[in-house]
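Student: Hi! Could you walk me through this structure? I'd like to go piece by piece.

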Amino acid sequence: MLYVFLAKGFEEIEALTPVDILRRGGVEVVTVGVGGREIEGSHHITVLADIAASELKSLDGTEGVVLPGGMPGTRNLEKNKTVINTVTYCAERKLVIGAICAAPSILGHMGIVKDRKVTVFPGFERDMFDAQLDEAYVVRDGNLVTARGMGVSTEFALELLALLKGQATADKIRASIQCR
């Protein structure tokens, strides 16, 4: 089970592209709404999450977590105890952690990126305490995948898929969606 958290003001493409691509690749993905199931994105698109954060009781069977960026979505994610507890659970067990755009700043504040190779949306570098900043659009360091922003959402999702299901599966999905 991979959890994708959605909080008011999330960047819609950064959230839903990974959901779509990961599900195409056979990953069990659950969208989790912070503050309820109906969550409005940063561009006023309302999404109905599979569950509300208050319904996430057990992390048994968790494969990882994905944090989309967007403002104020990133800040709203960081304020939520369920989000922080899930990220901590994944970090402690070296499960998959994906964060895109401003969301890697959450990982910086939590100390998860210390001595890790990461990327982040320009302007949030100051939040990446003791990380090895990379200017690549998508960066994978072990179980951690970070990306710079909405324009690389597909590449971000495919990298997550490769990590979870192998490069062959990611390549198959890449070809099926006509992505270079």
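Student: To start, where is His-44 found?
Tutor: His-44 is found in the loop between strand S3 (38-40) and strand S4 (46-48). Helices (H or I, at least four residues) and strands (E, at least two) are DSSP runs, numbered from the N terminus. This is a predicted model, where local features need pLDDT of at least 70 and side-chain atom pairs count only at pLDDT 80 or more, while totals for chains, interfaces and linings use all residues. Residues are numbered from 1 along each chain as its sequence is written, and side-chain values use heavy atoms, leaving out hydrogens and water.

Student: Is His-44 buried or exposed?
Tutor: His-44 is exposed, with a relative accessible area of 63%. Buried means under 20% relative accessible area, exposed over 50%, and partly exposed in between (1.4 Å probe, protein chains only). The phi of His-44 is near 65°, a positive value in a residue other than glycine.

Student: And what about Asp-130, where does that lie?
Tutor: Asp-130 lies in the loop between strand S8 (117-118) and strand S9 (132-133). Its phi is near 60°, a positive value in a residue other than glycine. At 54% relative accessibility, Asp-130 counts as exposed.

Student: Let's switch to helices. Which residues of H3 are buried?
Tutor: In H3, the buried residues are Val-83, Thr-86, Val-87, Tyr-89 and Cys-90. Seen down the axis of H3, these buried residues fall within an arc of 160°, so they line one face of the helix. The arc is that of the directions from the helix axis to the C-beta atoms.

Student: What's on the face of H3 turned away from the buried side?
Tutor: That face carries the exposed residues Lys-81, Asn-85 and Glu-92.

Student: What do the buried residues of H3 pack against?
Tutor: They pack against strand S1 (2-6), strand S6 (64-67), helix H2 (73-78), strand S7 (96-100) and helix H4 (104-110). Contact here means heavy atoms within 4.5 Å.

Student: Which residue caps the N-terminal end of H3?
Tutor: Asn-80 does, with a side-chain oxygen 2.9 Å from the backbone nitrogen of Thr-82.

Student: Lys-94, okay. Which residues does Asn-143 touch?
Tutor: Leaving aside residues up to four places away in sequence, Asn-143 touches Cys-90, Lys-94, Leu-95, Val-96, Ile-97, Arg-116 and Leu-163. Asn-143 is buried, with a relative accessible area of 14%. Its side chain and that of Arg-116 are joined by a polar contact of 2.9 Å. A polar contact is a pair of N or O atoms within 3.5 Å; within protein, one must be able to donate a hydrogen and the other to accept it, and residues adjacent in sequence count only if both atoms are side-chain atoms.

Student: New topic: at what angle do H5 and H6 pack?
Tutor: Helix H5 (residues 153-165) and helix H6 (residues 167-176) pack at about 145°, with their axes 7 Å apart. Axes are lines fitted to C-alpha atoms, for helices over the stretch in contact, and angles run from 0 to 180 degrees between N-to-C directions.

Student: Which residues are buried in H6?
Tutor: Ala-170, Ile-173 and Arg-174 are buried in H6. On the other side of H6, Ala-168 and Lys-172 are exposed.
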